[in-house]
Amino acid sequence: MLPDTLGNMLMGIAAVLTQLVGMLALYLTWKRDLKKQNQFIDHSVRKLNGIASAIIQSFESPAWLKACVLKEDGTTEFRIVETNSEFEQRFNLDRLESVGKTDLEAGWSRPAAYEFLRGDLQVWSTGIACTLVHDVDGRRLSVRRVRVQSDDGELKGVMCYVVDDNHVATSSVAPIGAMP
């Protein structure tokens with residue numbers, strides 16, 4: 001009886017090992033396919049970021065793109081993901097030091113950062129592009145905001161660009177009006 005029991009145990013162990021080898025092969029195939037998929041996604045994201053960067057860089061006036069981030073406490077904030085060289089020159093804010101930060105963290109004054117957030121939230125919530133006038137460093141800036149979303153309607157962020165910065169400031173912030 002002992003050799004039969006031992007033989008059955010060995011056959012059982014062999015069957016389990018065969019299943020484990022099969023599962024390992026499936027896992028390795030899945031992992032390889034997942035790696036290829038992640039590489040494709042990575043490439044696509046880099047390409048999209050390149051397109052977004054090219055669009056922002058094409059503006060002759062300061063332009064920047066912000067991603068919308070929903071915080072754990074339920075509040076919304078906008079973090080800078082791209083700026084153009086005119087943004088750096090006009091506002092004396094370094095691109096690499098601005099990316100990933102809110103307006104306040106990037107170096108805007110508290111009043112300016114608050115007004116920028118107010119404008120971002122207005123565009124974010126309504127979906128209607130608008131131009132707001134901001135007093136920044138004694139200059140009156142008209143900043144156009146457009147909500148950025150994907151083809152499927154998934155919201156992403158807000159693109160901002162200066163449409164006029166040739167006025168001396170006479171008041172802090174006043175809406176110019178919504179444009180379709």
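A residue counts as exposed when its relative accessible area is over 50%. Glu97, at 53%, is therefore exposed. The structure in question is a predicted model, and its chain comprises 5 helices and 6 strands. The mean pLDDT of the chain is 78, and of its 180 residues 28% count as buried.

**Architecture and confidence**

- Read from the N terminus, the elements follow the order α-β-β-α-α-α-α-β-β-β-β.
- Residues 24 or more positions apart supply 49% of the chain's contacts that have a separation of 6 or more.
- A pLDDT of 70 or more is reached by 77% of the residues.
- Confidence is highest in helix α4 (residues 103-106), with a mean of 94, and lowest in strand β6 (residues 174-178), with a mean of 38.
- The pLDDT is below 50 over residues 167-180, a stretch that has 34 contacts in the model beyond near neighbours in sequence.
- Where pLDDT is low, predicted coordinates should not be read in detail.

**Nonpolar cores**

- The largest nonpolar core has 16 residues, and those with the most contacts inside it are Trp64, Phe87, Phe91, Trp108, Leu141, Val143 and Val162.
- Two or more residues of this core come from each of α2 (85-91), α5 (110-126), β4 (139-149) and β5 (155-168).
- Helix α5 provides the largest share of the core, 4 residues.
- Leaving aside residues up to four places away in sequence, Val143 touches Trp64, Cys130, Thr131, Leu132, His134, Cys160, Tyr161 and Val162.
- In soluble globular proteins, nonpolar side chains tend to be buried together.

**Cysteines**

- The structure holds 0 disulfides.
- Cys160 is in no disulfide, because a disulfide requires cysteine sulfur atoms within 2.5 Å, and the nearest cysteine sulfur, that of Cys130, is 9.1 Å away.
- Cys160 has a relative accessible area of 0% and is buried, whereas Cys68 is partly exposed, with a value of 22%.

**Second largest pocket**

- The space in the second largest pocket amounts to about 260 Å³.
- Its lining has 13 residues, of which Glu77, Thr102, Leu104, Ala113 and Leu117 lie nearest the centre of the pocket.
- The elements that contribute two or more residues to the lining of this pocket are β2 (76-83), α4 and α5.
- Among these, α5 gives the most to the lining, with 5 residues.

- Asn92 lies in the loop between α2 and α3 (95-98).
- The phi of Asn92 is near 55 degrees, a positive value in a residue other than glycine.
- Most residues other than glycine have a negative phi.
- Asn92 counts as exposed, at 68% relative accessibility.
- Glu97, the exposed residue with a relative accessible area of 53%, is placed in helix α3.
- The C-alpha atoms of Glu97 and Ile80 are 10.0 Å apart in space, and the two residues are 17 residues apart in sequence.

Technical notes. Residues are numbered from 1 along each chain as its sequence is written. This is a predicted model: local features need pLDDT of at least 70, side-chain atom pairs count only at pLDDT 80 or more; totals for chains, interfaces and linings use all residues. Side-chain values use heavy atoms; hydrogens and water are left out. A nonpolar core is a set of buried Ala, Val, Leu, Ile, Met, Phe, Trp, Tyr and Cys residues joined through side-chain atoms within 4.5 Å. Buried means under 20% relative accessible area, exposed over 50%, partly exposed in between (1.4 Å probe, protein chains only). Contact means heavy atoms within 4.5 Å. pLDDT is the predictor's confidence in each residue, from 0 to 100. On a 1 Å grid over the protein atoms alone, a cavity is a set of points where a 1.4 Å probe fits but cannot get out, and a pocket is an open set with protein on both sides within 12 Å along at least five of seven lines; lining residues have an atom within 4 Å of a point. Grid points are joined across faces, edges and corners, and a volume is the space filled by probe spheres set on the points.
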